[in-house]
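Keep the structure open as you read.

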Amino acid sequence: MSALQAWVEGEAGSSVKVGQDSRMAPRPEAKPAISVVGLGYVGAVSIACLSHLGFRMVGVDVAKDKVEAIAAGRSPIVEARLEELLAQGVEENLVEATEDLVGAVLTTDATFISVGTPTAADGSADLSYVREASRAIGQALAMKSSYHVVVLRCSVPPGTTLDVVAPEIEASSNKRLGEDFGVCFNPEFLREGVAVADFFDPPKTVIGASDRRAAEAVEAIYRAIDDKVIFTSIAAAEMVKYVDNVWHATKVAFGNEIGRLCKAMGIDSHDVMNIFVQDTKLNLSPYYLKPGFAFGGSCLPKEVRAVGHLADKLGVDLPLVHSLGETNRRHIEQALALLEPHRGKTIGFLGLTFKPGTDDLRESPTLELMAMLMACGETIRAFDPNLRFGPGLESQIAYVRHSAPHLADLAERLPEIATSDENELLAECDVLVVSHATDRFRRAVEARAPGTHVLDLARLWPEPPEDPSYEGIAW
Ligand SMILES: NC(=O)c1ccc[n+]([C@@H]2O[C@H](COP(=O)([O-])OP(=O)(O)OC[C@H]3O[C@@H](n4cnc5c(N)ncnc54)[C@H](O)[C@@H]3O)[C@@H](O)[C@H]2O)c1
């Protein structure tokens with residue numbers, strides 16, 4: 001049993017950690033030793049903080065100055081508390097550093113990779129350092145008999161851990177993933193400047209692992225600072241890191257655009273945003289963030305246009321705000337593209353209003369999609385329990401005509417396209433396009449005739465069915 005395994009089993013199973021040799025009397029097991037490849041902002045912080053938790057750490061870098069700094073207990077970077085923790089680690093013989101990656105892996109149980117992934121000339125992530133480190137780790141594993149966990153901490157395109165790191169290690173070690181070694185992707189969320197504080201109080205800890213043994217080993221390492229580790233697939237863990245940073249960048253760009261606009265109008269942007277951030281029900285919340293269909297309705301498209309127009313009039317350049325209508329249109333076009341293979345079939349829409357629970361048809365993206373299909377000559381039908389038939393429908397249609405003249409044709413034909421009989425639609429249509437996640441439509445989809453294809457625009461179920469006749473727009 002490796003020290004890593006013993007640590008995991010001891011930590012996970014009981015407070016007593018068994019020794020390496022099970023024939024010997026149980027004795028307190030040392031925590032697994034961890035090597036860290038890449039002693040930049042991420043690696044140096046990991047070394048310092050994990051040593052503070054009692055792990056023996058071996059830092060590795062190709063840069064001699066960083067190795068020398070860490071080995072001497074000096075911080076190679078400016079970062080609050082880092083030097084103090086490194087000095088303490090060296091003092092307690094828990095921190096060492098070397099340029100010898102193979103040697104470091106051989107004397108440790110787990111290896112964290114935190115080398116750089118800079119932007120390559122074509123805009124992609126340059127994975128050459130990741131590849132190089134993985135190959136060297138593999139060379140070490142070729143000489144090692146015990147199980148080893150390799151944890152990728154770099155920000156990388158989804159697929160890197162399993163398609164680059166693991167194969168490089170397998171090729172240079174002749175060892176098998178899941179048997180001789182495991183791989184995990186464990187994104188780093190620290191913010192420079194408060195990196196040590198973030199390490200001990202992380203916003204979240206996410207682990208994507210090749211197998212349970214690897215997952216448990218890494219969870220055990222983090223247990224002292226986070227007992228609510230989020231487990232997911234390796235690809236989702238890789239994606240989470242990218243999504244976080246794109247989101248942060250979006251927030252900064254959004255705040256700054258609002259700031260430029262407010263300044264041009266003599267409004268204090270901080271007054272505005274201080275109020276904005278207090279709304280944790282709709283503004284800073286999961287609301288509006290889960291992929292679904294395009295935005296629509298009587299407010300969002302109109303207000304986005306109005307703010308864009310205001311900015312233009314004031315001579316303020318707001319590319320982010322201006323891009324919103326375009327990205328929304330692309331989403332509708334994506335639905336159209338997903339229906340392309342079903343051309344010539346009868347397409348039935350479940351849900352026409354811009355969201356469930358309202359009869360408001362204004363700027364419903366579903367109507368846009370229907371109009372696009374009609375322009376292509378497709379046969380469409382529609383059912384929405386919120387549509388009022390008879391004279392009521394005429395007033396709803398009048399709204400559409402008024403707010404979207406380009407939908408006039410569709411508005412004209414809506415009385416013949418729309419049916420008040422859901423079953424009639426289900427019987428007639430070869431394809432169902434569902435835009436409201438309601439129980440009624442879930443039941444309708446489940447009851448559809450065999451062979452009826454479904455395009456789900458609303459994520460009807462948390463776990464979408466694994467069925468070739470079902471497709472989601474963005475999942
Ligand atoms: N800096 C951050 O705030 C931060 C936060 C989260 C994630 N990340 C991600 O973590 C990764 C590391 O970021 P960083 O800012 O620490 O990078 P960095 O450039 O500061 O450090 C990378 C280190 O890796 C070393 N290195 C490169 N190849 C090596 C090899 N083969 N063997 C040993 N050492 C090698 C370099 O010499 C360098 O010291 C990147 O993927 C980055 O995107 C960074």
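## A pair across two strands

Start at L455, which stands opposite E471 in strand 13. The model is predicted. Strand 13 covers residues 470–472 and runs parallel to strand 12, with 3 bridges joining the two.

Strand 12 spans residues 453–456. H453 and L455 point one way from this strand. V454 and D456 point the other way. Are these four residues buried or exposed? All are buried.

Strand 12 also pairs with strand 11, residues 431–434. The pairing is parallel and takes in 4 bridges. Within it, V434 has D456 of strand 12 as its bridge partner. Between strand 11 and strand 12 the chain passes through helix 18, residues 439–446. This β-α-β crossover is right-handed.

## The ligand shell

How many residues surround the ligand? The count is 26. G38, G40, V42, C154 and S155 are the closest. Two elements each give two or more residues to this shell: helix 2 (41–52) and helix 6 (128–141).

What is the make-up of the shell by class? It holds 13 nonpolar residues, 7 polar residues and 6 charged residues.

Key: Residues numbered from 1 in each chain as written. Predicted model: local features only at pLDDT ≥ 70, side-chain atom pairs only at ≥ 80, totals over all residues. Buried ≥ 20, exposed ≤ 12 C-beta atoms within 10 Å, placed from the backbone. Pairing = 2+ DSSP bridges. Right-handed = clockwise from strand over helix to strand, strands pointing away. Near = placed C-beta within 6 Å. Nonpolar A, V, L, I, M, F, W, Y, C, P; charged D, E, K, R; others polar.
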